[in-house]
Amino acid sequence: MERVLIEAYLKLLDFEGRLPKDELKCLICSNEILDNASLLRAFQTAHISCIFSNTIDVNKLKYLFNSKSTTTLLDENEINKCFFTLMEGL
Ligand SMILES: [Zn+2]
């Protein structure tokens, strides 16, 4: 159930042009995130050192944002992090 909602949410963000595709930038300092990202409300991202939140590998996030599919890379722990972020609101 969580996976379905996350994928629907990703499609909505993509439709609204709010989903980054190529490089993930930090909401705080605007620099590219290269390793682990903090996942924030509306699936915005930040460096862990800028805002510490639910942490996910940046390459997994890029894959998620591009494919809008949770099936391949994300384990249950990561799904829970995404779902928790989704529940924070649009
Ligand atoms: Zn930063």
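How many bridges join strand 1 to strand 2? Keep that in mind while the whole chain is in view.

This is a predicted model, in which local features need pLDDT of at least 70 and side-chain atom pairs count only at pLDDT 80 or more, while totals for chains, interfaces and linings use all residues. Residues are numbered from 1 along each chain as its sequence is written.

From the N terminus on, its elements run α-β-β-β-α-α; helices (H or I, at least four residues) and strands (E, at least two) are DSSP runs, numbered from the N terminus. The C-alpha trace spans about 35 × 25 × 25 Å along its principal axes.

Next, select strand 1, residues 36-40. Four bridges join strand 1 to strand 2, and the two run antiparallel. Pick A37: its bridge partner in strand 2 is H47.

Three strands form an open sheet in the order 2-1-3, with antiparallel pairing; two strands pair if DSSP finds at least two bridges between them. Strand 2 (44-47) and strand 3 (54-57) are the edge strands, each pairing on one side only.

Then show helix 2, residues 58-67, which packs on the sheet and touches strand 1, strand 2 and strand 3. Contact here means C-beta atoms, placed from the backbone, within 7 Å. The direction of helix 2 makes about 80° with that of strand 3; axes are lines fitted to C-alpha atoms, for helices over the stretch in contact, and angles run from 0 to 180 degrees between N-to-C directions.

Finish with helix 3, residues 76-87, which packs on the sheet and touches strand 1 and strand 3. The direction of helix 3 makes about 130° with that of strand 3.

Definitions and conventions. Contact = placed C-beta atoms within 7 Å.
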